[in-house]
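Dear colleague,

Please find below the structure that I am handing over to you.

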Amino acid sequence: MAPNAPAWLTARPIAHRGLHDRAGGIPENTIAAARAAVAAGYGIECDVQPSADGEAMVFHDEALGRLTEASEPTASRPAAALRALSVAGTAERIPTLAAFLAEIGGRVPVIVEIKSRYSGDLTLTRRVVETVSGYDGPVALKSFDPGLVAALRELAPRVPRGIVAETTQDDPAYAAMPDGVRRSLANLLHFDETRPDFLSWRVDDLPCAPAYLARLLGERPVMTWTVRTDDQRRHAAAHADQMVFEGFRP
């Protein structure tokens with residue numbers, strides 16, 4: 001096992017964006033979703049986006065329109081304005097990462113995915129590191145962005161760090177990337193730069209050589225996302241050490 005990959009990374013299934021149930025009034029990445037996951041004993045995966053004033057906000061999307069009554073970019077509003085927005089028409093609000101972690105209080109592991117625009121800007125990353133440095137509980141950081149994960153080697157060497165990846169690369173965001181960058185991401189060619197403690201790989205892309213070899217030879221645990229069906233659950237059990245799930249209870 002990688003020296004900075006503690007056993008808690010693979011001990012409990014991880015609820016994707018918390019144990020959310022939008023139909024039941026519990027939106028993703030909210031305090032309510034965190035409370036539900038804690039009550040059920042699951043780890044929690046959450047996403048962070050920056051506010052206009054540099055705060056780390058627990059929210060997945062670059063724009064506000066899917067989950068709030070606003071429509072502009074998430075990073076265009078200061079933290080106080082984001083905290084005032086209703087999420088999915090409920091009483092839940094967009095929390096800061098600090099408030100989200102305070103609610104969890106170390107009771108279950110938290111995996112924080114730092115969103116990136118691949119610009120080299122580490123403002124959000126530094127704020128996340130500052131926030132988790134004062135947190136007394138199991139926490140790990142991950143990102144799709146190798147430059148960001150490489151920076152975490154220096155900024156937070158004792159915090160487990162992971163690279164999020166997929167082989168298929170059918171998200172429109174990949175279209176703007178040079179072919180060499182896409183090959184590097186899909187094949188883990190940045191490994192010497194990032195030295196991740198764990199991998200977080202798309203479940204439908206497993207098995208694949210990078211994840212297989214990192215697991216076998218590099219002794220890096222592989223968590224896989226996002227597991228929603230029985231077939232994906234069986235696939236995760238065969239090819240990964242951990243799953244990030246939603247839509248059911250393991």
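Two residues are said to be in contact when heavy atoms of theirs lie within 4.5 Å. In that sense, and leaving out residues up to four places away in sequence, Arg127 touches Gly54, Glu55 and Ala56. Please bear in mind throughout that the model is a predicted one.

Arg127 belongs to helix 4, which covers residues 123-133. Is Arg127 buried, partly exposed or exposed? Buried means under 20% relative accessible area and exposed means over 50%, with partly exposed in between. Arg127 has a relative accessibility of 21%, so it counts as partly exposed. From the C-alpha atom of Arg127 to that of Glu193 the distance is 22 Å, and the two residues are 66 apart in sequence.

I turn next to the nonpolar cores. The largest one has 37 residues, and the members that touch the most others are Leu97, Ile104, Val112 and Val128. Helix 1 (residues 31-40) makes the greatest contribution to this core, namely five residues. There is also a second, separate core of 15 residues, among them Ala5, Ala140, Met223 and Trp225. As background, nonpolar side chains in soluble globular proteins tend to be buried together.

Two residues illustrate the contacts well. When neighbours within four places in sequence are set aside, Val128 is in contact with Val48, Ala56, Leu97, Val112, Ile114 and Leu141. Ile114, a residue of strand 4, is buried because its relative accessibility is 1%. With its own neighbours within four places set aside, Ile114 is in contact with Val48, Leu124, Thr125, Val128, Lys142, Ser143 and Leu148. Ile114 and Leu124 are ten residues apart along the chain, and their C-alpha atoms are separated by 7.7 Å.

Why can strand 6 (residues 161-165) be called largely enclosed by the rest of the structure? The reason is that five of its five residues are buried. On one side these are Arg161, Ile163 and Ala165, and on the other Gly162 and Val164, so both faces are covered.

Strand 6 is paired with two other strands. Strand 5 (residues 139-143) runs parallel to strand 6 and is joined to it by three bridges; here Ser143 stands opposite Ile163.

The largest pocket comes next. Its volume is about 760 Å³. Which residues of its lining lie nearest the centre? They are His60, Glu113, Lys115, Phe144 and Asp171, out of 33 lining residues. At least two lining residues come from each of strand 2 (43-50), strand 4 (110-114), strand 5, strand 7 and strand 8 (222-227). Strand 2 supplies the largest share, with three residues.

Helix 6 (residues 179-187) has Ser184, Leu185 and Ala186 as its buried residues. The elements covering these residues include helix 5, strand 6, strand 7 and helix 8 (209-216). Leu188 follows helix 6 and lies in the loop that leads from helix 6 to helix 7 (191-194). Its phi is near 60°, a positive value in a residue other than glycine. Leu188 has a relative accessible area of 9% and is therefore buried.

Asn29 is another residue other than glycine with a positive phi, near 55°. Asn29 sits in the loop between strand 1 (14-16) and helix 1, and its relative accessible area of 2% makes it buried.

Lastly, please note two cis peptide bonds. One runs from Leu206 to Pro207, with omega near 0°, and Pro207 is placed in the loop between strand 7 and helix 8. Another joins Trp225 and Thr226, with omega about -25°; Thr226 is part of strand 8.

Yours sincerely

Key
Residues numbered from 1 in each chain as written. Predicted model: local features only at pLDDT ≥ 70, side-chain atom pairs only at ≥ 80, totals over all residues. Heavy atoms only, no water. Core = buried A, V, L, I, M, F, W, Y, C linked by side-chain atoms within 4.5 Å. Buried < 20%, exposed > 50% of the residue type's maximum accessible area, 1.4 Å probe, protein only. Helix = DSSP H or I, 4+ residues; strand = E, 2+ residues; numbered from the N terminus. Pairing = 2+ DSSP bridges. 1 Å grid on protein atoms, 1.4 Å probe; cavity = no way out; pocket = protein on both sides within 12 Å on 5 of 7 lines; lining within 4 Å. Points joined across faces, edges and corners; volume = space filled by probe spheres on them.
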